[in-house]
Amino acid sequence: MPISIKRPNNGLAILTVVGKPTIEDILSTLNELYADTPPRNIIWDYRSGSAENFTQNDLRKIAYHVAKIAKLRPEGKTAFIAARDLDYGIGRMFASIAELTEVKFPIKVFREFDEAMSWLNSLKTYSINTV
């Protein structure tokens, strides 16, 4: 699978994407992540991968799936890290779609890992702004 899950502590999961995952890969990873105790914060690290194959409809399906299973994770934040402009834009599009599908936690897109970690560790919970 092109997505690995690491849990450096109980409150954080880092999902590292390599290559171009399919929607099935994303949904399977989400199901695995939420099957146990869901982490408070999640990082989707796309620096070694790409979301370029996802259509707007794919992003909508993922957002609806997240909204459905997110009841198991009532708080926390999700950060996307993308080095390429295209993946950064897709991350922003997903964040907007997720907000419209009533995903209850903030999602923010970053270019650097350290920026994402700083935001996750901050007390701010504002919504879909980007850095």
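Residues are numbered from 1 along each chain as its sequence is written, and side-chain values rest on heavy atoms, with hydrogens and water left out. In this predicted model, local features require a pLDDT of at least 70 and side-chain atom pairs count only at pLDDT 80 or more, whereas totals for chains, interfaces and linings use all residues.

With helices (H or I, at least four residues) and strands (E, at least two) taken as DSSP runs numbered from the N terminus, at least two lining residues each come from helix H1 (23–35), strand S3 (41–49), helix H2 (56–69), strand S4 (77–81) and helix H3 (85–100). H3 provides the largest share, four residues. By class, the lining divides into 18 nonpolar, two polar and two charged residues, where Ala, Val, Leu, Ile, Met, Phe, Trp, Tyr, Cys and Pro count as nonpolar, Asp, Glu, Lys and Arg as charged, and the others, Gly among them, as polar.

Burial was assigned from relative accessible area (buried under 20%, exposed over 50%, partly exposed in between; 1.4 Å probe, protein chains only). Arginine 73, in the loop between H2 and S4, is buried yet has no salt bridge, and the nearest side chain of opposite charge, that of glutamate 75, is 9.0 Å away; for charge, Lys and Arg count as positive and Asp and Glu as negative, while His and the chain ends are not counted. A salt bridge is taken as a side-chain nitrogen of Lys or Arg within 4 Å of a carboxyl oxygen of Asp or Glu. The arginine 73 side chain does make a polar contact with the side chain of tyrosine 34 (3.3 Å), and reaches the backbone oxygen of arginine 40 at 3.0 Å. A polar contact is a pair of N or O atoms within 3.5 Å; within protein, one must be able to donate a hydrogen and the other to accept it, and residues adjacent in sequence count only if both atoms are side-chain atoms.

Phenylalanine 110 belongs to strand S5 (residues 107–110) and is buried, with a relative accessible area of 1%. Between phenylalanine 110 and alanine 82, 28 residues apart in sequence, the C-alpha to C-alpha distance is 6.4 Å.

Seven salt bridges are counted in the model. In one of them, lysine 20 pairs with glutamate 52, the closest N and O atoms being 2.7 Å apart. This pair links distant parts of the chain, 32 residues apart, with lysine 20 in the loop between strand S2 (12–19) and H1 and glutamate 52 in the loop between S3 and H2. Lysine 20 is partly exposed at 46% relative accessibility, as is glutamate 52 at 31%. Aspartate 87 and arginine 84 also form a salt bridge (3.0 Å, N to O), in which aspartate 87 is buried at 4% and arginine 84 is partly exposed at 38%.
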